[in-house]
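Thanks for coming. I have one structure to walk through today, and I will keep to what can be computed from the atoms.

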Amino acid sequence: MGLVLTLIGTGLLLAWAPTLVARRLNAVSAAAPAVPPAAQRLHDSLFVADLHADALLWNRDLVERGTYGHVDLPRLIAGGVALQAFTVVTKTPRHLNLERNDDRSDDITLLALAQRWPVATWFNLKARAHYQARKLHEVAARSNGRFTLILSVQDLQAYLARREHEAGITAGFLGLEGAHALAGELAGVDELYAAGFRMLGLTHFFDNEVGGSAHGLAKGGLTAFGRRVVQRAEELSMLIDLAHAAPQLIDDVLAIARRPLVVSHSGLRGHCDNVRNLSDDHLRRIAATGGLIGVGFWETACCGHDAAAIAAAVRYAADLAGVDHVGLGSDFDGAVTLPFDASGMAQLTAALLQEGFNAGEIRQVMGGNLKELLRNCLPDSS
């Protein structure tokens, strides 16, 4: 009987632990303040787009409205989010920190086991990427038309045409957070493209075969393999994402890139000083490629806990790089506490008005800039 009770207890722990962890790590810090009517009217007229959400990492049904976390289809629609990047995490080191991590441990293995992911994903990073991509394809299939997975410029144009006359819909695209999922194989770029990925993040919290992380040990530049990865991704019209990249890696990519570069989620060192955030020089040089910086919503990105702090970070970025090159990089469901979930995005529109941005500038920052970037950079399906 004791063994039976132990097995039952272990089963319950495995069943409930991921939910408890997700609730704790992906919290909302405070009750939503009222949004002034004028700000809400403006928000309702916007095309809102965000460059970073890790919702696929967690075992929530994104078709249904959840009671915890930050993102699902009903909350995206309620918040007026027209387009969400769904970014895929495949490995994070134990006891991760901003300063210095190696690649010898991995918390995602534990999460995959606890969430009962397929056996193939337990110890294979590429399999984890493909599994999470399939989850988003399945969300699209089960959404009754409420969610469109964007793979090409034609998909985007068709979706934009639908939004002209149809309410209650949203869309998204896939990004990878860390090229260690390629397992050192260049063919993996094509495999991920075929699976639907349209944005490729080079590093995450540790150095990998492509190059150095801002949080790694060596923090080096682009490797020979990394150069081939960047070149192949650009040939396929995949966006290169420099979030979490070491400064030398950013320099090396800037030296060879032929297309606009993005930073899907970051803060700015001149506004909030830590190694996670972009320098003023890199902010300007990435913008000069025609690229886009997604300003983060979490504390070490904006040095604050509310929409006003995010708006202040947006102001800093816009003043240095130009409002044409600033977007949103929430890090929804990225194991961060945020001031609001996807349903509360109107709070940021109100904060941007308070920060002194005009309606046209807010239209750009809240999603117009990302929409135009994708129009110019997504692959052609014809």
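First, the ground rules. This is a predicted model, in which local features need pLDDT of at least 70 and side-chain atom pairs count only at pLDDT 80 or more, while totals for chains, interfaces and linings use all residues. Residues are numbered from 1 along each chain as its sequence is written, and side-chain values use heavy atoms, with hydrogens and water left out.

Start with the cores. A nonpolar core here is a set of buried Ala, Val, Leu, Ile, Met, Phe, Trp, Tyr and Cys residues joined through side-chain atoms within 4.5 Å. Buried means under 20% relative accessible area, exposed over 50%, and partly exposed in between, with a 1.4 Å probe and protein chains only. The largest core has 88 residues, and Phe197, Leu202 and Leu242 touch the most other members. Helix H12, residues 307–321, supplies the largest share of this core, 10 residues. Helices are DSSP runs of H or I with at least four residues, strands are runs of E with at least two, and both are numbered from the N terminus. Another core, of 23 residues, lies apart from that one and includes Leu83, Leu156, Met199 and Leu374.

What does Leu202 contact, leaving aside its neighbours within four places in sequence? Its partners include Gly178, Val210, Leu222, Val230, Leu242 and Val253. Contact means heavy atoms within 4.5 Å.

In H6, residues 153–163, the buried residues include Val153, Leu156, Tyr159 and Leu160. These four sit on the same side of H6, because they cover an arc of only 125° around the axis. The arc is taken from the directions from the helix axis to the C-beta atoms. The cover over the buried residues of H6 includes strands S2 (81–89), S3 (147–149) and S4 (170–177), and helix H14 (359–377).

H7, residues 187–194, has Gly188, Val189 and Leu192 buried. They also share one side of their helix, since their arc is only 105°. Among the elements covering them are helix H5 (125–142), S4, strand S5 (197–201) and helix H8 (224–235). Just after H7, Gly196 takes a positive phi of about 115°.

Next, the pocket. On a 1 Å grid over the protein atoms alone, a pocket is an open set of points with protein on both sides within 12 Å along at least five of seven lines, and lining residues have an atom within 4 Å of a point. The lining of the largest pocket has 41 residues, with Leu25, Leu96, Gly334, Ala335 and Val336 nearest its centre. Helices H1 (2–25), H4 (107–114) and H11 (299–302) each give two or more residues to that lining.

Last, three single residues. Ile293 is in strand S8, residues 292–295, and is buried, with a relative accessible area of 0%. Beyond four places in sequence, Ile293 touches residues including Val263, Leu278, His325 and Gly327.

Thr349, in helix H13 (346–355), is also buried, at 0% relative accessibility. Its contacts outside four places in sequence include Ala39, His43 and Met366.

Ala245 is in the loop between strand S6 (239–241) and helix H9 (247–256). Is Ala245 buried or exposed? At 9% relative accessibility, it counts as buried. Ala214 is 31 residues away in sequence, but the two C-alpha atoms are 5.2 Å apart.

How values were computed: On a 1 Å grid over the protein atoms alone, a cavity is a set of points where a 1.4 Å probe fits but cannot get out, and a pocket is an open set with protein on both sides within 12 Å along at least five of seven lines; lining residues have an atom within 4 Å of a point.
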